Amino acid sequence: MNAIVHRTGRIAIIGRPNVGKSTLLNRMVGMKISITSNRPQTTRHRLNAIVTEADAQMVLVDTPGFQTEHGGELNRLMNRTVAQSLDGVDIVLFVIEAMKFGREDRKLLPLLPKNIPVILIVNKVDKLADKAVLLPFLAETSKAFAFAEIVPVSAAKGTQIAHLKEILKPYLPEGPPQHEEDEVTDRPERFLAAELVREKLFRLLGEELPYAATVVVEKFQMQGQMRHIHIAIVVDKPNHKAMVIGKGGEKLKQIGTQARIDMEKLFGGKVFLELWVQVRSGWADSLKTLKSLGYE
């Protein structure tokens, strides 16, 4: 009887903002690790998520969407994170939307490595009314780069995700698992708590809230079986503060309630969450302030 060959490796997920990279990662892991919203650049930090199966362990590297439209220190830092994420990986997943392969996608082509497999993930195929248009699109897109594979998926619906995992495995090097079977991310709970608050901030305020908003964990303590988490929401202007708080504090309460529910689900225990809002003018354009806020 042949022994099972075990494979282990790192897989970077890149693409322009809002193509569904974080949704793809969450679907592959089977639980919500990376935050999602309809706002471009919801993901601001590199995050590793771990998929463990009997014959393979995949470390998925979620990255910010590569930003070409906006300048500023925050976007420069995030673009640098994308480029650094390609170092030391075994596979790159380049994610685009079905029927959309435009200028912003093509700007990433020079970043793609030539010496490791790059697999094109064509996401959001569930949104196509006529699936017949997909084949000509795939044929045309395949001319842009020497992709090792092209895989149409729907990260939102889970379509083709199991098939994608099987496609990836032969490209991974042989080796033992590097993480425990129940480990799903390399990021601590403190980081994940902050991300969940930031997700609710963007989801509940939509386009109203300017890009210059972030969150900082001021306190994270276990008291008995309950996590006590105190988080500051940092905005750029006083009118942004009023927007986040909402009439009678309702919006801030809504953000806190939804974030706490998600935290309790992710952490598997009760959470006491306290939120407040701070104004720090120009934080997104100050490298010193960005580093003090935890940006790499």
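Me: How many salt bridges does a search of the whole structure find?
Reply: A search of the whole structure finds 18 salt bridges, where a salt bridge is a side-chain nitrogen of Lys or Arg within 4 Å of a carboxyl oxygen of Asp or Glu. This is a predicted model, in which local features need pLDDT of at least 70 and side-chain atom pairs count only at pLDDT 80 or more, while totals for chains, interfaces and linings use all residues. Residues are numbered from 1 along each chain as its sequence is written, and side-chain values use heavy atoms, with hydrogens and water left out.

Me: Ok, which residue forms a salt bridge with D55?
Reply: That residue is K169, and the closest N and O atoms of the pair are 3.0 Å apart. D55 lies in the loop between β2 and β3 (56-62) and K169 in the loop between α5 (161-168) and α6 (189-205), so the pair ties together parts that are 114 residues apart in sequence. Helices (H or I, at least four residues) and strands (E, at least two) are DSSP runs, numbered from the N terminus.

Me: And is K169 buried or exposed?
Reply: K169 counts as buried, because its relative accessibility is 6%, whereas D55, at 26%, counts as partly exposed. Buried means under 20% relative accessible area, exposed over 50%, and partly exposed in between, with a 1.4 Å probe and protein chains only.

Me: What does E97 form a salt bridge with?
Reply: E97 forms one with K124, the closest N and O atoms being 3.8 Å apart. This pair links distant parts of the chain, with E97 in strand β4 and K124 in the loop between β5 and α4 (134-141), 27 residues apart. Both E97 and K124 are buried.

Me: Where do E199 and R203 lie?
Reply: Both lie in helix α6, four residues apart, which is about one turn of the helix, and they form a salt bridge whose closest N and O atoms are 3.9 Å apart. E199 counts as buried at 0% relative accessibility, while R203 counts as partly exposed at 46%.

Me: Switching to strands, what order do the six in the open sheet follow?
Reply: The order is β2-β3-β1-β4-β5-β6, and the pairing is mixed; two strands pair if DSSP finds at least two bridges between them. β2 (47-53) and β6 (149-152) stand at the edges with a single partner strand each, so one side of each is left without a neighbour in the sheet.

Me: How many bridges join β4 to β5?
Reply: Six bridges join strand β4 (residues 91-97) to strand β5 (residues 118-123), and the two run parallel. As one example, the bridge partner of L93 in β5 is I119.

Me: Now the core, which residues have the most contacts inside the largest one?
Reply: They are L24, V197, I231, I233 and M263, in a nonpolar core of 52 residues. The largest share of this core, nine residues, comes from α6. A nonpolar core is a set of buried Ala, Val, Leu, Ile, Met, Phe, Trp, Tyr and Cys residues joined through side-chain atoms within 4.5 Å.

Me: What is M263 in contact with?
Reply: Leaving aside neighbours within four places in sequence, M263 is in contact with A193, L196, V197, I229, I231, G268, V271 and L273, where contact means heavy atoms within 4.5 Å.

Me: Last one, where does H230 lie?
Reply: H230 lies in strand β8 (residues 226-235), and at 16% relative accessibility H230 counts as buried. The C-alpha atoms of H230 and K219 are separated by 5.0 Å, although these residues are 11 residues apart along the chain.
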